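Here is a quick look at the aromatic side chains in a protein model. Which rings pair up, and where do charged groups come in?

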Amino acid sequence: EAFRQRITEIDPESLPLLDGYHVRLPTITFESRLTLYLGDHRIELINLPGHTPWETAVYLPQERGLFTTDNVFYRVHTFLHEAVPEQWLVSLEAMKRFEVDWFVPGHGQPFTDKAYLDQQAELVRRWIATIKEAVAKGWSQDETFERLPLLDPYDPESGGPERAREIRRNSVNRLYSLYSKG
């Protein structure tokens, strides 16, 4: 029901697609890495937590490509609503070590320059530092949201300023909950 509510908010025209939909639980799971073969073709699934604890990159060694999932938002507004920020930074560093010529991000257009991984990491670092600073100043969660400077130079893919505000609110809530403890 929560998912239906969310779809109602962000894409009401898609709501009929959920009629008769049932979650199908996985029959194969993995913790860190899983290699699949399709004929001579190798597909490597690698757990690289960050945007969420469950992020899985898809590495295609023969094609020299990496699907980064939501650990990379290429030139669009980044969401941190379920982030594990320090692990995200480690995962972005790990992505730089793959021998690839192209990346497909979870959001935004495909790209070929590994330098963008550093830009994504810098944005995550900026969020961490800003929220930690707000907590150190004793700001409340709401006060942090209201005083927060614009951290992300990019617009959301859709939804305009209202969507950007919602993304920012959810990101503040997540990071504030992480860094206001102990």
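This is a predicted model: local features need pLDDT of at least 70, side-chain atom pairs count only at pLDDT 80 or more; totals for chains, interfaces and linings use all residues.

Searching the whole structure turns up seven aromatic pairs. One of them joins Tyr74 and Tyr116, with 4.5 Å from centre to centre and 70 degrees between the planes, an edge-to-face arrangement. Where do these two partners sit? Tyr74 is in the loop between β4 (65-73) and α2 (85-96), while Tyr116 belongs to helix α3 (residues 115-136), so their pairing ties together parts that are 42 residues apart in sequence.

Buried or exposed? Tyr74 is buried, at a relative accessible area of 16%, and Tyr116 is buried too, at 5%. Both values fall under the 20% cut-off, which means that they count as buried.

Tyr116 has another partner in Phe111: the ring centres are 5.6 Å apart and the planes stand at 65 degrees, so this pair is edge-to-face as well.

| Pair | Centre to centre | Angle between planes |
|---|---|---|
| Tyr74 and Tyr116 | 4.5 Å | 70 degrees |
| Phe111 and Tyr116 | 5.6 Å | 65 degrees |

Now for the charges. Phe145 has the charged end of Arg168 over its ring, 4.4 Å from the ring centre. The charged end of Arg169 also sits over the Phe145 ring, 3.8 Å from its centre.

Definitions and conventions. Residues are numbered from 1 along each chain as its sequence is written. Side-chain values use heavy atoms; hydrogens and water are left out. Rings of Phe, Tyr and Trp (its six-membered ring) pair if their centres lie within 6.5 Å; planes under 30 degrees apart count as stacked, over 60 as edge-to-face and the rest as tilted. Helices (H or I, at least four residues) and strands (E, at least two) are DSSP runs, numbered from the N terminus. Buried means under 20% relative accessible area, exposed over 50%, partly exposed in between (1.4 Å probe, protein chains only). A charge sits over a ring if NZ of Lys or CZ of Arg is within 6 Å of the ring centre and within 35 degrees of the ring normal.
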